[in-house]
Amino acid sequence: QVQLMESGGGSVQDGGSLRLSCVVSGDTYSNHCMGWFRQAPGKEREGVVALYIGTGSTYYADSVKGRFTISRDNIKNTLFLQMNSLKPEDTAMYYCAADLVRTIFDCTGGGWRPTSGSWGQGTQVTVSS
């Protein structure tokens, strides 16, 4: 099981940008799904983006399409989330997650929820209007 450590959260104005990083420690496999979830106060945790390592296939929640980009540095084994045009409704605790999946669709079909995988400790993103 991999270990995850996020960084890069902070406070920005409406329309600003942030880049989150997630250092992945441990062996990574082609059938790993990695991504970011977020949880705002009083709301359920929701999937934001996901990346299937073997093919690079991705999933983006409708609320972030065109504004957020997930990427990975294979050498440094680090996952990134570039967030542009941030809105106050993006304010949440952001969590990096990783889990082994059976199929690409399990990762990028929109319903991925790590079951026995790993979670980071979270990093706070606050967007003010």
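**Close-up 1. Cys-22 and its disulfide to Cys-96.** In this predicted model, Cys-22 is buried, with a relative accessible area of 0%. Its partner in a disulfide is Cys-96, with an S to S distance of 2.1 Å. Cys-96 counts as buried too, at 1% relative accessibility. The link of Cys-22 and Cys-96 is left-handed, with -85° about the S-S bond. Cys-22 sits in strand 3 and Cys-96 in strand 9, so this pair ties together parts that are 74 residues apart in sequence.

**Close-up 2. The disulfide of Cys-33 and Cys-107.** A search of the whole structure turns up two disulfides, and here Cys-33 and Cys-107 form one, with their sulfur atoms 2.0 Å apart. The torsion about the S-S bond of Cys-33 and Cys-107 is about 70°, so this disulfide is right-handed. Distant parts of the chain get linked: Cys-33 is in strand 4 and Cys-107 in helix 1 (residues 104-108), 74 residues apart. Cys-33 is buried at a relative accessible area of 0%, and Cys-107 counts as buried at 1%. Take the bonded cysteines of the protein in sequence order and the pairing reads 1-3, 2-4.

**Close-up 3. The largest nonpolar core.** This core has 29 residues, and Trp-36, Val-49, Phe-68, Leu-79, Leu-81, Met-83 and Tyr-94 have the most contacts inside it. At least two of its residues come from each of strands 3, 4, 5, 7, 8, 9 and 11. Apart from it lies another core, of eight residues, including Phe-37, Tyr-52, Val-101 and Trp-112.

Close-up 4. Val-49 is part of strand 5. Is Val-49 buried or exposed? At 2% relative accessibility, it counts as buried, because the cut-off is under 20%. With neighbours within four places in sequence left out, Val-49 is in contact with Gly-35, Trp-36, Tyr-59, Tyr-60, Val-64, Ile-70 and Leu-81.

**Close-up 5. The largest pocket.** About 170 Å³ of space lies in this pocket. Among the residues lining it are Gln-1, Val-2, Asp-27, Tyr-29, His-32, Asp-99 and Thr-115. Strand 9 (residues 92-100) gives the most to the lining, with three residues. By type, the lining divides into four nonpolar, six polar and two charged residues.

Notes. Residues numbered from 1 in each chain as written. Predicted model: local features only at pLDDT ≥ 70, side-chain atom pairs only at ≥ 80, totals over all residues. Heavy atoms only, no water. 1 Å grid on protein atoms, 1.4 Å probe; cavity = no way out; pocket = protein on both sides within 12 Å on 5 of 7 lines; lining within 4 Å. Points joined across faces, edges and corners; volume = space filled by probe spheres on them. Helix = DSSP H or I, 4+ residues; strand = E, 2+ residues; numbered from the N terminus. Nonpolar A, V, L, I, M, F, W, Y, C, P; charged D, E, K, R; others polar. Core = buried A, V, L, I, M, F, W, Y, C linked by side-chain atoms within 4.5 Å. Buried < 20%, exposed > 50% of the residue type's maximum accessible area, 1.4 Å probe, protein only. Contact = heavy atoms within 4.5 Å. Disulfide = S-S within 2.5 Å.
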